[in-house]
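Student: I would like to go through this structure with you, beginning with the overall fold and then moving to single residues. Could we start with the contacts?

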Amino acid sequence: MRAVRLLALPALLVGVWWAVSGSTFYLPDPVTVGRAFAETWFSARLLDDVLPSVGRLLAGYALAGVLGVALGVPIGLSARLRATLEPVLEFFRAIPPPVLVPLIMLLAGIETPMKVLVIVSGCVWPVLLNTVEGVRALDEVLSDTCRMYGVRGQSRLRRFVLRGASPQIMTGLRQALSIGIILIVISEMFASSSGLGFTIVLFQRQFQIAEMWSGILLLGLLGLGLSALFRQVERRVLAWYHGGGAGIGSAG
Amino acid sequence: MSRPGLPPKAAALVRAGHGLVGLGGLLLLLEAVPRLGLVDERFLPPASRVLATLAAELGTPELWAALGATLRGWALGLAIAFAAAVAAGVVIGIVPGLRAMTNSTVEFLRPIPSVALVPLATLLFGPSLGSTLLLVVYAAFWQVLIQVLYGVAAVDPVAHDTARAYGLSAWSRVRHLLWPTALPYVMTGLRLAAAVAFILAVTAELVIGSPGLGAEIQVAQSSGAVPAVYALIVLAGLVGIAVNAAVRLLERRVLAWHPSVRSEAAA
């Protein structure tokens with residue numbers, strides 16, 4: 001019964017896909033797309049296009065995470081600094097990240113550094129602002145307790161500040177991940193000679209419709225895989241917060 | 001700032017003063033760095049020139065047409081996604097068993113980045129409003145749907161049973177019980193969706209070339225008009241701030257009766 005419930009709708013959707021696919025040129029049937037997927041991506045392309053894209057994404061994302069937390073902690077701790085920088089940060093956050101692609105292309109060319117820079121410049125804001133928010137909202141009683149017990153410096157930072165702010169930091173990192181995926185694809189579609197985004201646009205321009213769909217499918221799977229991976233990491237990092245990992249609450 | 005002994009109004013003023021200092025500092029920095037030759041002026045024009053370019057651009061009808069096109073794609077896409085997501089969320093929420101049936105599909109489709117649909121949009125619609133709408137609607141739909149589902153799940157079971165016992169029809173249960181409960185969640189969904197929709201509207205223009213701010217940026221960049229690129233990016237940021245502020249205002253209006261907003265206003 002459970003299996004039926006789980007699979008009924010997906011089966012129905014694939015059925016509809018199959019039924020519709022005969023009537024239009026733009027939508028090949030599932031088998032054709034599946035075959036194109038296997039032929040296209042289980043080949044040298046996996047090494048040449050997919051892995052470098054994912055590598056750039058992860059490099060930029062990690063850099064943005066470190067930068068966001070490193071800048072967010074001092075800003076969150078100082079009320080004056082926060083009041084001074086808040087409008088500036090809100091402005092930078094309000095810029096839709098994709099518009100930075102043409103600008104950064106101008107500054108850094110179209111090679112790997114440009115793409116990493118684009119990802120950093122887009123992903124850093126949600127991490128930074130959420131870190132500021134998390135550090136600002138730290139429990140004052142705990143803060144006083146730390147002072148009383150002489151917990152300071154490194155130890156205070158690690159055990160109290162970063163720990164206490166980690167739920168917010170993880171929220172920022174989750175937002176940054178979806179922005180990062182958008183940016184890596186766009187930066188490759190915009191100007192590139194390799195990578196996932198470039199390849200998919202190339203298929204589209206050459207009217208290789210089944211291959212194009214297989215690329216859309218791959219991007220979907222990539223998004224799905226990365227968000228599942230993120231949930232695992234989040235569950236580990238925030239196990240203390242959710243009460244021994246007894247399931248993650250519905251807080252979105 | 002939580003400075004003790006200062007009345008709230010004065011504290012807000014001090015805070016705004018600090019904010020102005022921050023903005024002024026940024027402008028000064030962006031003026032000084034290229035003027036002192038730390039970065040080539042060709043790549044980073046001084047802030048004054050960028051702002052002058054922005055002012056000049058704001059005097060041209062083309063810019064306003066582009067801005068209008070962007071906002072139209074944003075608003076139309078957001079409205080379609082919102083209506084569809086609320087309708088789908090309520091139906092999934094109230095029909096028993098439907099939630100369990102759709103769960104796996106929703107969780108599968110939701111993380112798919114909507115930029116994956118760029119080639120499809122190009123193929124189907126080319127550089128037009130249709131492409132923008134496809135990306136915007138897909139991205140915004142899931143944000144709202146998830147929040148509606150949370151909201152529907154938050155209905156108090158006792159209140160629900162009471163409404164049934166008193167013989168309220170299905171429609172009045174939705175109207176008087178489910179909708180007020182879900183509304184704060186729905187508004188959160190709308191706020192998240194509005195921000196994402198703006199990003200995707202600009203993206204569609206930038207990558208596919210649908211008319212709008214993004215297309216203008218692309219044209220300015222490929223013709224080497226660097227100050228114009230910066231000016232348009234500043235404008236995009238300002239529009240982003242306006243979009244966020246507008247949705248927040250709407251949220252506060254719509255939820256004026258809700259305890260979370262009431263207490264905020266009283267403080």
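Student: In chain A, what share of the contacts between residues at least 6 apart in sequence join residues at least 24 apart?
Tutor: The share is 74%. Please keep in mind that this is a predicted model.

Student: Understood. How many helices and strands does chain A have?
Tutor: Chain A contains ten helices and zero strands. Written out along the sequence, the pattern is α-α-α-α-α-α-α-α-α-α.

Student: What box do the C-alpha atoms of chain A fill?
Tutor: Along the principal axes, the box is roughly 70 × 55 × 30 Å.

Student: And how much of chain A counts as buried?
Tutor: Chain A has 252 residues, and 45% of them count as buried. Its accessible surface is about 12,600 Å², with 65% of that belonging to carbon and sulfur atoms.

Student: How many positive and negative side chains are there in chain A?
Tutor: There are 21 positive and 14 negative side chains in chain A. The centres of these two sets are 9 Å apart.

Student: Turning to annotation, where does UniProt place the feature "transmembrane region" in chain A?
Tutor: The unreviewed UniProt entry gives residues 58-79, 176-203 and 209-230 of chain A. In the model, residues 58-79 are 95% helix and 0% strand, and their end C-alpha atoms lie 33 Å apart. For residues 209-230 of chain A, the span is 100% helix and 0% strand, with 32 Å between the end C-alpha atoms.

Student: Which residues of chain B carry that feature?
Tutor: For chain B, the unreviewed UniProt entry places "transmembrane region" at residues 12-30, 74-95, 115-141, 182-208 and 228-250. Residues 12-30 of chain B are 100% helix and 0% strand, and the end C-alpha atoms are 27 Å apart. Residues 115-141 of chain B are 78% helix and 0% strand, with end C-alpha atoms 14 Å apart.

Student: What about a domain record for chain B; which residues does UniProt list for "domain: ABC transmembrane type-1"?
Tutor: UniProt lists residues 67-251 of chain B, again from an unreviewed entry. In the model that span is 84% helix and 0% strand, and its end C-alpha atoms lie 24 Å apart.

Student: Let us take single residues. Where is A:Ser192 found?
Tutor: A:Ser192 sits in the loop between α8 (153-190) and α9 (196-205) of chain A. Leaving aside residues up to four places away in sequence, A:Ser192 touches A:Lys115, A:Ser187 and A:Phe198. The C-alpha atoms of A:Ser192 and A:Thr112 are separated by 9.4 Å, although the two residues are 80 apart along the chain.

Student: Why does A:Ser192 count as buried?
Tutor: A:Ser192 counts as buried because its relative accessible area is 16%, and the cut-off for buried is under 20%.

Student: Is B:Ala194 buried or exposed?
Tutor: B:Ala194 is buried, with a relative accessible area of 1%. B:Ala194 lies in helix α8 (residues 170-207) of chain B. Not counting residues up to four places away in sequence, B:Ala194 touches B:Trp74, B:Leu78, B:Val243 and B:Val247. From B:Ala194 to B:Val95, 99 residues apart along the chain, the C-alpha separation is 28 Å.

Student: Back to chain A: what is the phi of A:Phe207?
Tutor: A:Phe207 has a positive phi of about 55°, although it is not a glycine. A:Phe207 is in the loop between α9 and α10 (209-237) of chain A, and it is partly exposed, with a relative accessible area of 49%.

Student: Finally, where is A:Arg205?
Tutor: A:Arg205 is in helix α9 of chain A. A:Arg205 is exposed, at a relative accessible area of 59%. A:Arg205 and A:Ser23 are 182 residues apart in sequence, and their C-alpha atoms are 22 Å apart in space.

Conventions
Residues are numbered from 1 along each chain as its sequence is written. Chains are lettered from A and ligands numbered from 1 in the order in which they are written. Side-chain values use heavy atoms; hydrogens and water are left out. Helices (H or I, at least four residues) and strands (E, at least two) are DSSP runs, numbered from the N terminus. Buried means under 20% relative accessible area, exposed over 50%, partly exposed in between (1.4 Å probe, protein chains only). Contact means heavy atoms within 4.5 Å. Accessible areas come from the Shrake-Rupley method with a 1.4 Å probe; for residues, only the protein chains shown count as cover. Lys and Arg count as positive and Asp and Glu as negative; His and the chain ends are not counted. The place of a charge is taken as NZ of Lys, CZ of Arg, CG of Asp or CD of Glu. UniProt positions are given in the numbering used here, feature names are shortened, and annotations may be inferred rather than shown by experiment.
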